[in-house]
Amino acid sequence: MIYRKKDCVAASMCDGATKLSVLALFQLEQDAVTELMGELCIDGITAMREYDAMWVFVKNTLRVFRRPDWREEYELRCFVSGHSSAKLLIDTELWSPAAGEPLAHARLELCALDLKTGRIRKAATVGVSDDIPCEEPLPDLSFTRFTKDAPAPLETVKVRSTNLDYCSHTNNIEYLRYILNTYRAEQFMAHEIEQVEIHYGNQTFEDDEIEIAKHGDGQTDTFSLRVRGASAVDCMIVWQ
């Protein structure tokens, strides 16, 4: 099964360069994954109501080839590209029908957690059958092993009520917002992001204070987000 969507870039999705922002691109991917899982009847709401479990993001990688302009039309397709006993891989492609070229590729790795024990559940126990339809994976989307260089502290942000998702955890998109906000606006006007990869760790909640630290050379930057000494998110951003 392939979830498909056709639309154009809205003004609310644009940054100062009047192009689709990287944050909005991640939001498109996240929404597409949710819709696909809903059509497959393995979405987070179903997992909570029927299986006493929830899906969590483990890793997410995004490669940006070109950011479309305001009002430019795009096509999106999202599909399961692989699965194992405990994880699910979902790929998303953003395509320009006018130019006949890919705009971005993304891959998300998910697993299911038991709501009572917090332990990883086998995918089969939350509705993912062995014969779930898988499509050909998108190319060049392997996950990275981040360096262990000690990052320098940048700032601390507090999780607010509007940062939460339906599980009362910090929404995954908010972590990227926190990270991108450490850059000045002129950085996004003068340079393009080529790749973003996020690895998710411990969940965070309302009123948690997230410490953000960074290590990088201006072309490849790595970020560490921690709460009470525990890792919440590790992220890598590669600039063109």
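Select Glu75 and Trp95: Glu75 stands opposite Trp95, a residue of strand E4. This is a predicted model, and the tour starts at this pair.

**Stop 1**

Now widen the selection to residues 73-83, strand E3. E3 and E4 run antiparallel, and eight bridges join them. Follow the chain from E3 into E4: a hairpin makes the link through four residues.

**Stop 2: helices H1 and H3**

Select residues 22-39 for helix H1 and residues 172-180 for helix H3. Two packed helices are described by the angle and the distance between their axes. Here the axes come within 10 Å and cross at roughly 170 degrees. An angle over 145 degrees counts as roughly antiparallel, and that is why H1 is roughly antiparallel to H3.

Show the side chains where they meet. From H1, pick Val22, Leu23, Phe26, Gln27 and Gln30. From H3, pick Asn172, Ile173, Leu176, Arg177 and Leu180. By class, this contact has six nonpolar residues, three polar and one charged.

**Stop 3: an aromatic cluster**

Select Tyr183, Phe188, Phe223 and Trp239, which form one aromatic cluster. A pair of aromatic rings is described by the distance of the centres and the angle of the planes.

Begin with Tyr183 and Phe188. The ring centres are 5.9 Å apart and the planes stand at 80 degrees, so the pair is edge-to-face. Tyr183 is buried, at 11% relative accessible area. Phe188 counts as partly exposed, at 22%.

Turn to Tyr183 and Trp239. This pair is edge-to-face too, with 5.1 Å from centre to centre and 75 degrees between the planes. Where do the two residues lie? Tyr183 is in the loop between H3 and helix H4, and Trp239 is in strand E11, so the pair ties together parts 56 residues apart in sequence. End on Trp239: it is buried, with a relative accessible area of 2%.

Note on methods
Residues are numbered from 1 along each chain as its sequence is written. This is a predicted model: local features need pLDDT of at least 70, side-chain atom pairs count only at pLDDT 80 or more; totals for chains, interfaces and linings use all residues. Side-chain values use heavy atoms; hydrogens and water are left out. Axes are lines fitted to C-alpha atoms, for helices over the stretch in contact, and angles run from 0 to 180 degrees between N-to-C directions. Angles under 35 degrees count as roughly parallel, over 145 as roughly antiparallel, 65 to 115 as roughly perpendicular and the rest as oblique. Contact means heavy atoms within 4.5 Å. Ala, Val, Leu, Ile, Met, Phe, Trp, Tyr, Cys and Pro count as nonpolar, Asp, Glu, Lys and Arg as charged, and the others, Gly among them, as polar. Two strands pair if DSSP finds at least two bridges between them. Rings of Phe, Tyr and Trp (its six-membered ring) pair if their centres lie within 6.5 Å; planes under 30 degrees apart count as stacked, over 60 as edge-to-face and the rest as tilted. Buried means under 20% relative accessible area, exposed over 50%, partly exposed in between (1.4 Å probe, protein chains only).
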